Amino acid sequence: MPQNSGLVLLLELVKEAKIGSIVPVYKELNEEIDALDYFRKLSNYGNKKNSILMQDNEKSFGSADPCLIVIGRGNGFEIAALSNTGKKFLSFIKKDFKFCDKAIYKKDRVYGTLTTTKKQVSEQEKLKQKSHLDILRAIAFKFKVTEKPFSPCCGLFGTISNDFIAGNENLQVNEDKLSDPDYILYFLDNMFIVDHKEKKTYFVANALVTDNKKEDAYRECNRKIISYEKTASKKAPKARKYKKKNMEVSYNTSNEEFSALMRKLKNDVSDGNTLYASPSRLVTANCNAEPLGIYSKLKDNNPGSALCFINDGSGITVSCGAESFLSVHDRTVELGICTSRIQREISKDQADNDNRHEALLKTKEDEIFFNLMLLDDARNSIARISEKGTRFVEKMFEVNKLPKYQYMSSTVKGTLKESLDALHALSATANSAGIPKASSMQLLNKIEKAKRPLNSCSLVCLSPDKELYGMGIEPMRIKKGIACIRAASRVFNGSNDEKDLMASDERASRFLEAIKSAGGVK
Amino acid sequence: MRVLVIDNLDLFTYNLVDELEKKECEVLVYGNNTDMKTIDNVIKAFKPKLIVISSGAADEPGISIDVVRAYQGQIPIFGVGSGMHFIIEAFEGKVSRSASLRILAKISHDGKTIFKKLENNFEAGVYNTLSATDIPYSFEVSARNENDTVMGIRHKEAFVEGIQFDPSSLLTVSGSEIIENLLKEIGKK
């Protein structure tokens, strides 16, 4: 694949591309830039609306200039152009939403409604019923990628509430403090990618060939790449100074109420109404620092964890760590689950204690039960969408050690059924309520006080070549200086309410510590 | 063989479906919230040789009990986990909480039908927290665990069987043979 040095050749590629193609245009640097530092410059310290950063051990992706935003809330949806490329994109797909109940096209946006179909059909057919995922499908998979220098080089990136994917429209609406949408995704036509393993950086733009003005599309790509290069040499913006305030933390459910709620669920488990449920409460805290500063502290405090930062204009999503991983690559679907988690003791004289924690993780009866149950559930999810007999457990109960904690993980793989795609895989596997998904969602909906919107969601990246990289995350949402954190616990046959209540607090405390250490609160 | 699975809210249903499909069954899955009229039409058109009642939430049998009542004696029925309990309830038996259930059970059995050629005291995964306490007169107990809890039931005349453990769980090494036996038994009918 020619690189930016071969501009003429790239221009030829764009010229030769058929209408409806995406041609990746990129510049490769033989150095690993500091992705967070670069994103600070690109997004004006995370304050630029519609900026996104995703990082893990292997790669970092970031952009502050997506071409489209897609937002859905209940039955309503809106797709808005954020740039000239976005306008062209919209114009190119404007006739593709006829399957919706209503779709109105304006110059820079399409909006309308779509009611999920609820016909009495087989469960296999249900996965294919009309839903908002069809809207994402119409956008993400519209263009054909001509070259694949790396994947993903563009696509729909963002978050979708897990309850929404599971189809929660029949559930009562609980308190909706955040009034967040059910999904927010961006089409990133340009981004920077840092490959931490290969120690390389890419500035990527993509020529979206929507008409015969191909040279214009190519010039636009070059302009974007030059802009990325200029950003690298820019001076980093400074964080705003905040006057110190007292930190105020509050819970929407008191410890006593939450314990009672867990006892109620334990009864439901004993009565066979559910096998496992993940109840949660909302923790809110005042947040008197730059959100990207908080992200940075989270990164420092949790080395090795997958992180994301999204400023969508109405709020900021910050996540650290993942409950699950989903990928669809070359028709292979892979679901990874991260289960029991325990702190590490890593200093030399504590190495033996660290081994003891690991032994406990592997041998405790309640943890073994929990891990087996989640693994059988993951096998079930993958079996639903895989060709018969192709589903298998690739990795079983491996202990992964990160600098600050260790956790158990397993992965299940299968070959995606011919008639299904990556979004069907997402639909079949997204779950943060419990097992079985539907009954635990109903039980939780009756007893939890708050709606579970983007605080419990899937972070996804859908590339035009129909591949998907996703994570189940429980992020913090920051709105108007208030951070909202979902602290989840677990209830199953043999779970320890007291210990699991503490574990839910520990999840929230990861975010609270980062807020504190980012300054601004005492 | 055509198999209709009544899915009780997706508790490991597709692990079982995969097991059946691997044995060349054509499987249709309908949720327990489907109305009975639709199921009657599906059965009329699909002509299943077996109806499987999958495991799920105990308080939401949906149409499972009605399906057992309507088709027992006409089409072989096999229940798993709560599916077994819904069979018991369809025949006016009772189930209740069981404090002694553990995830890994040792299954002793009578060696008949689905248990043919299986060694006794095989290990199996049990997720269900309920157990049968009042077995209907028309049934016999086909399997128990080490605490004598009922783990399998069989109708004395019609082809209606149920097991409390999950044959598709990772913990049930003999699970595939049980499904194989089930299909063989139906093939004989």
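A: Chain B has a mean pLDDT of 92, with 97% of its residues at 70 or more; pLDDT is the predictor's confidence in each residue, on a scale from 0 to 100. Because this is a predicted model, local features need pLDDT of at least 70 and side-chain atom pairs count only at pLDDT 80 or more, while totals for chains, interfaces and linings use all residues. Residues are numbered from 1 along each chain as its sequence is written, and chains are lettered from A and ligands numbered from 1 in the order in which they are written. The model as a whole scores ipTM 0.95 and pTM 0.92.

Helices (H or I, at least four residues) and strands (E, at least two) are DSSP runs numbered from the N terminus, and two strands pair if DSSP finds at least two bridges between them. In chain B, nine strands make an open sheet with mixed pairing, in the order S2-S1-S3-S4-S11-S10-S9-S6-S7. Strand S2 (26-31) and strand S7 (122-125) of chain B are the edges, and because each has a single partner strand, one side of each is left without a neighbour in the sheet. From one strand to the next the twist averages 25°; axes are lines fitted to C-alpha atoms, for helices over the stretch in contact, and angles run from 0 to 180 degrees between N-to-C directions.

Within this sheet, strand S10 (residues 150-155) and strand S11 (residues 160-163) of chain B pair in the antiparallel sense over three bridges, and B:Ile153 has B:Gly162 of S11(B) as its bridge partner. Helix H4 (residues 82-90) of chain B packs on the sheet, where it touches strand S3 (50-53), strand S4 (77-80), S10 and S11 of chain B, and its direction makes about 125° with that of S4(B); residues are in contact if their C-beta atoms, placed from the backbone, lie within 7 Å.

A residue is buried if 20 or more other C-beta atoms lie within 10 Å of its own, exposed if 12 or fewer, and partly exposed in between, with C-beta atoms placed from the backbone. In a regular strand the side chains alternate between the two faces of the sheet. Four bridges join S6(B) to S7(B) in an antiparallel run, with B:Ile107 opposite B:Phe122, and two bridges join S6(B), again antiparallel, to strand S9 (residues 139-144) of chain B, where B:His109 stands opposite B:Ala143.

Chain A has 14 helices and 27 strands. Its radius of gyration, taken over C-alpha atoms, is 23 Å, close to the 24 Å that the globule rule (2.2 Å times the number of residues to the power 0.38) gives for 522 residues, so chain A is as compact as a globular protein of that length. Of those 522 residues, 51% count as buried.

In chain A, 12 strands form an open sheet with antiparallel pairing, ordered S6-S7-S5-S4-S10-S9-S23-S24-S18-S19-S21-S20. Its edges are S6 and strand S20 (392-401) of chain A, and because each has a single partner strand, one side of each is left without a neighbour in the sheet. Neighbouring strands of this sheet are turned against each other by 15° on average, direction ignored.

Strand S6 (residues 102-106) and strand S7 (residues 109-113) of chain A pair in the antiparallel sense over five bridges, as a hairpin with two residues between them, and A:Ile104 stands opposite A:Tyr111 in S7(A). Elsewhere in the sheet, strand S23 (residues 457-462) and strand S24 (residues 468-473) of chain A run antiparallel and are joined by six bridges, with A:Met471 of S24(A) as the bridge partner of A:Leu459.

Helix H10 (residues 351-363) of chain A lies across strand S19 (332-343), S20 and strand S21 (405-415) of chain A, at about 40° to S21(A). In helix H3 (residues 84-93) of chain A, the residues A:Thr85, A:Gly86, A:Lys88, A:Phe89 and A:Leu90 are buried, and what covers the buried residues of H3(A) includes strand S4 (68-73), strand S5 (76-81) and S7 of chain A.

Note on methods
Two residues are in contact if their C-beta atoms, placed from the backbone, lie within 7 Å.
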